[in-house]
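Subject: Structure for you to look through

Dear colleague,

Here is the structure I promised to hand over to you. Please open it beside this message, so that you can follow each part in the model while you read.

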Amino acid sequence: MNPLQPLATVIQGSLSRGLEARLNPGVSVEELRVGKFMVIQGERHRFFGLLTDVTLETSNSQILINPPGPEDVLLRESLAGTGTYGILALTPMLMLVPRQAGTEREYPLVEAETEGQSPEGFELLPVKTVPAHFSQVYEARELDFRTVFGWEDDPGRRNFAIGQPLDMPVPICLDLDRWVERSNGIFGKSGTGKSFLTRLILSGIIRKRAAVNLIFDMHSEYGWEAAAEGKSFHTVKGLRQLFPGQVQIYTLDPDSTQRRGVRDAQELYIAYNQIEVEDLALLAGELNLSEASLENAIILRNEFGRDWISRLLSLSNSEIQEFCEQKMGNKASMMALQRKLTRLDDLKYIRNSLPHNYIGQILDALNRGIHIVIEFGSQSNLLSYMLATNVITRRIHQAYVHQAERYLQSKNPLDKPRQLCITIEEAHRFLDPRAAKQTIFGTIAREMRKYFVTLLVVDQRPSSIDSEVMSQLGTRITALLNDEKDIEAVFTGVAGSQNLKTVLAKLDSKQQALILGHAVPMPVVVQTRPYDQRFYTEIADPDWSQASDTEVLLAAQQAKADLGL
């Protein structure tokens with residue numbers, strides 16, 4: 001298609017329902033795909049929107065009663081564009097308007113300006129009106145994409161190319177500064193590439209230094225390397241290989257990490273005295289804990305303090321009986337709690353006590369700008385994953401709250417915490433309607449950026465996540481979803497989402513995603529950026545791609561000195 005040739009003519013519509021445009025003669029309906037970025041040239045403004053549906057229409061119902069046969073080529077061609085035609089459903093999202101009233105200059109439809117430069121004297125605004133009747137619809141050009149989504153090298157902005165449009169080799173950029181301001185979500189059914197999308201985003205954040213990341217790597221896919229999907233087995237690089245001087249791996253299963261050939265991973269352990277009653281409440285389903293057991297856990301905590309679990313596990317039946325008589329506890333519930341907590345001994349990373357504060361070590365690394373990947377190895381069952389993730393995040397969030405409060409009091413830039421982005425998989429386990437009210441992740445999602453901590457939730461069942469949490473997610477990147485409940489959940493709190501549901505349902509099963517929200521000016525469908533050797537070359541820190549361990553250490557020390565730490 002010629003980008004300067006109008007594709008369709010606006011015939012009717014409204015601001016709430018969207019526009020209808022009739023295809024111009026000579027334009028085949030088969031050349032247009034749902035999700036395509038379209039431009040509508042009005043009398044005064046230029047509108048940007050999405051193609052959300054395509055319909056076949058006729059000017060006379062008699063044509064359908066007696067349609068031309070396969071051999072009536074001449075008749076079909078004679079009817080095309082007059083008796084039969086296509087209707088495009090368009091949803092305008094933005095409009096380009098003059099910055100000053102009375103500006104005569106029109107945004108050019110021809111290559112009158114240097115390609116790749118945004119038009120001066122104009123600004124992008126949300127759509128507040130509609131173009132006039134018979135306005136012409138055009139295919140978007142490179143200049144249009146740059147005007148709306150920017151470029152990776154735009155000065156003063158941390159833009160990151162996440163992919164390109166379905167039919168044009170032009171980068172679509174996320175504004176990473178806006179991305180890290182709020183909690184975000186990556187959704188899609190199993191096998192659609194959520195992990196690859198997540199690695200792309202995390203690589204961009206590290207490369208552009210937009211925030212520091214804490215990644216709970218349930219399936220060991222983000223740290224060192226991961227298996228790629230396809231007929232032949234091969235692996236892709238993890239964040240530690242791409243950014244050896246900026247990413248550190250911690251492991252809850254050192255044996256598994258060594259077997260996979262991961263280099264320089266730090267061991268991580270959790271002591272019983274770091275587990276709180278609130279952490280066990282999250283695991284009530286996995287441990288089959290009753291309300292009575294949790295109430296007795298509170299009695300034990302009030303009596304023994306942080307060491308209550310170790311003390312409970314060491315009590316005999318007679319000692320439990322005596323304790324319950326003195327402290328108004330329930331012996332049966334307390335014995336059931338003791339019995340069920342013995343399952344925690346099966347977790348390789350649990351210790352009775354620790355001489356070293358591993359969580360404090362992680363927090364210190366985050367404060368120095370080191371990105372942390374926590375691998376679970378063979379400890380990736382839900383009990384193990386949910387316990388460790390909740391315990392570690394609760395303490396790091398507490399520390400960030402204290403830092404943020406100190407910064408708000410002092411106003412000293414040196415006291416300002418680094419923006420932290422916490423990535424969790426199987427997010428609905430922490431954020432379902434019941435758990436979201438009591439887990440630390442529900443608190444972080446609701447508080448948003450108040451304490452400089454946000455979430456990146458990765459999940460295949462967004463319908464299981466609390467609707468209040470979903471409404472707080474700033475940006476959503478969604479691969480293919482088939483379940484109607486999941487599709488409905490993705491658009492929670494999104495105005496005018498009805499037309500976008502059709503777009504989402506028509507995505508390919510691989511390397512396509514719908515992006516909408518705070519980090520992009522308007523919803524857009526992208527062919528996601530390949531995570532391959534070319535990407536490694538473009539994204540990896542060139543100073544570190546061939547660095548030795550000694551060079552990494554020296555540069556890390558220099559970076560620490562530069563930050564005054």
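Predicted model: local features only at pLDDT ≥ 70, side-chain atom pairs only at ≥ 80, totals over all residues.

The protein chain has 22 helices and 23 strands, and buried residues make up 52% of its 565 residues. The chain exposes about 25900 Å², of which carbon and sulfur atoms supply 47%. If you take the contacts between residues at least 6 apart in sequence, 71% of them join residues that are at least 24 apart.

The part I would look at next is helix α13, which covers residues 331–341 and packs with helix α12, residues 317–327, at an angle of about 135°, the two axes being 9 Å apart. Angles of 65 to 115 degrees count as roughly perpendicular and those over 145 as roughly antiparallel, and the angle found here therefore makes α12 oblique to α13. The crossing in which α12 passes α13 is right-handed. On the α12 side the contact is made by N317, I320, Q321, F323 and C324, while α13 contributes K331, M334, M335 and Q338. Sorted by class, this contact of α12 with α13 has 5 nonpolar, 3 polar and 1 charged residues.

Between α12 and α13 there is a loop, and M328 lies in it. Although M328 is not a glycine, it has a positive phi of about 65°. M328 is also exposed, with a relative accessible area of 73%, and the cut-off for calling a residue exposed is over 50%.

Helix α13 also packs with helix α10, residues 291–304, here at an angle of about 85° and with the axes 8 Å apart. That angle makes α10 roughly perpendicular to α13. The residues that meet are A292, S293, N296, A297 and L300 in α10 and S333, M334, A336 and L337 in α13. By class, the contact of α10 with α13 has 6 nonpolar, 3 polar and no charged residues. If you select M334, you will find it listed in the contact with α12 and again in the contact with α10.

I350, found in strand β17 (residues 350–351), is buried, with a relative accessible area of 8%. The C-alpha atoms of I350 and I270 are separated by 5.1 Å, although the two residues are 80 residues apart along the chain. Not counting residues up to four places away in sequence, I350 touches I270, Y272, I275, L344 and L387.

Leaving aside neighbours within four places in sequence, V520 is in contact with F149, C173, L174 and I515.

Finally, please look at Q511, which sits in the loop between α20 (498–505) and β22 (512–517). Q511 is not a glycine, yet it has a positive phi of about 55°, and at 39% relative accessibility Q511 counts as partly exposed.

Key. Residues numbered from 1 in each chain as written. Heavy atoms only, no water. Axes fitted to C-alpha atoms, helices over the stretch in contact; angles between N-to-C directions. Helix = DSSP H or I, 4+ residues; strand = E, 2+ residues; numbered from the N terminus. Parallel < 35°, antiparallel > 145°, perpendicular 65-115°, else oblique. Left-handed = near helix turned anticlockwise from the far one by under 90°. Contact = heavy atoms within 4.5 Å. Nonpolar A, V, L, I, M, F, W, Y, C, P; charged D, E, K, R; others polar. Buried < 20%, exposed > 50% of the residue type's maximum accessible area, 1.4 Å probe, protein only. Areas by Shrake-Rupley, 256 points an atom, 1.4 Å probe, with all protein chains shown as cover.
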